[in-house]
Every structure is written in structure tokens, then in C-alpha cells.
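Here are my notes for your review. Please read them with the model open.

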Amino acid sequence: MLADLAAFTDYDEAGFVAEFPTFVQAAEERIWYFVQLPDFQQNSTSTFTAGSPYIALPSDFLAADALSVIDDDGNVNTLLNKDSNYIREIYPSSLTQGLPRFYGLFNDSTVIVGPTPDQSYVAELSYYYRPNTLVSASLDNTSWLSLNAYNTLLYGALSEAANYLKKTQGIDDMGPTYEQRFVLGLQGLKNLGEARDQKDTYRGGAKRIPE
């Protein structure tokens, strides 16, 4: 990726080259926030503390997909998502205890449930998270995006690079073209992650027009 950025921009000023990882990370972030893909979703398990309506969120949490509680019989009970104020209004006292039915985001690191768990139930959280960046050394320069949406990521990074060059040097007029290619790639990813991945041909029929 970094080699392609150098080839496309054909500008080797040291300060500019040093920003290549930043350009890639900026493009990744735009994709993460605009497209829902299965690769951006994972599950985690934790345990409720009896008598406490709160549970901590994973450190890489971005948005909730679903929260479930496993009861004594092993049944998975999916909680209904509600505003935290609603939960506090319905269950104003933490002494109202039982199997949780509702959950809501209390703050950026905590979930509140209602009623308050009466025992240490196992919680399963499905959520959207911030994947490791392509330029992380631990990934050995590969990621899901680099393997499955390389052009989208490349043109997103090139658009960021063009903005940098135009601001500091005024020598790159390809920014609108890069951005257009990036947006087209985003549309393809949205079609994959938010349409094709949500149904199969048997139930939904073959795809004929863009969704």
C-alpha cells in the first residue's frame, strides 16, 4: 500500500512520505464509519454482577449490534435496546431485580440494563469494533480491507494525500478523481456488507439492480 502511494503521488519529500500511514488510517476510518461489514463485527462475553445494573464495554467498542443474557437453563435471551433514561424510569430502583429485559448505553464505556440482574448471568455482546489498522506492525501490512477492498482503501488514502499536497505544496490536482473512485468503492462495500450479506438467493432472489 505504501509503495503504491509513493508510485501514484510521485513525490518523495520526506515530510510527505512520513504521512503515508496517516493517510491510510484516515481512509480506513472513513470506511469503518460509513460501511457495516461482517469483518467489523465481533462478539465478547462477560458476567453481570448480581445487584449491579451496569456492565463494562470492550475497549474497542464502536456500536452495539445486540446484547443477550444466558439464563440458568442455558437459554439465550436477547435484550431490547432502549434509551438509558427509559430504563431508569421503568426501573428507578436497583433493588428491582430479575433477568434483564432491556439495555442501553449509559456512557461510552458502560451499558445499563433493567431490571438489575439478580445473579451473575453470562452476557454475550455482539458489537461493531475498530479493527487494527493496516499500518500496524502486528498485521504484517495486511488487513481485511487490503485483501478484499484494496482499490477502495488505496484511493481513499490517495484522496487524503492529495488534500495534503494541495494544502502544503499546491501540486496535486487529482484529488477529485481519487475521491470519486473512493466513493464508488464505498458504494460497492455498502452493497456487499449491507445488502448481499443480509440475505441469500433462495429467500431474496438474485440481485438485479443496485441496492
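**Notes on the predicted model**

1. A162 is buried: its relative accessible area is 2%, and the cut-off for that word is under 20%. The residue sits in helix 6, which covers residues 150–168. What lies 8.1 Å from A162, C-alpha to C-alpha? The residue is T9, 153 residues away in sequence.

2. Treat everything here as prediction, since this is a predicted model. The mean pLDDT over the chain is 84. A score of at least 70 is reached by 84% of the residues.

3. One stretch needs care. Over residues 200–204 the pLDDT stays under 50. For that stretch the model has 3 contacts beyond four places in sequence. Where pLDDT is low, predicted coordinates should not be read in detail.

4. Strand 3 spans residues 61–70 and strand 10 spans residues 122–129. The two run antiparallel, joined by 8 bridges.

5. How many residues lie between strand 3 and strand 4 in their hairpin? There are 5. Look at G74 in the turn: its phi is positive, at about 85 degrees.

6. In general, strands of a sheet pair through backbone hydrogen bonds, either parallel or antiparallel.

7. Is the pairing of strand 5 with strand 7 parallel or antiparallel? It is parallel, over 2 bridges, with strand 7 running through residues 102–107. N81 stands opposite Y103 of strand 7.

8. Finally, the surface. Y33, F34 and L62 make a nonpolar patch of about 320 Å². Y33 belongs to helix 3, residues 20–34.

Key: Residues numbered from 1 in each chain as written. Predicted model: local features only at pLDDT ≥ 70, side-chain atom pairs only at ≥ 80, totals over all residues. Heavy atoms only, no water. Pairing = 2+ DSSP bridges. Helix = DSSP H or I, 4+ residues; strand = E, 2+ residues; numbered from the N terminus. Patch = residues over 30% accessible without salt bridge, like charges linked within 9 Å, V, L, I, M, F, W, Y side chains within 5 Å. Areas by Shrake-Rupley, 256 points an atom, 1.4 Å probe, with all protein chains shown as cover. Salt bridge = Lys/Arg side-chain N within 4 Å of Asp/Glu carboxyl O. pLDDT = per-residue confidence, 0-100. Contact = heavy atoms within 4.5 Å. Buried < 20%, exposed > 50% of the residue type's maximum accessible area, 1.4 Å probe, protein only.
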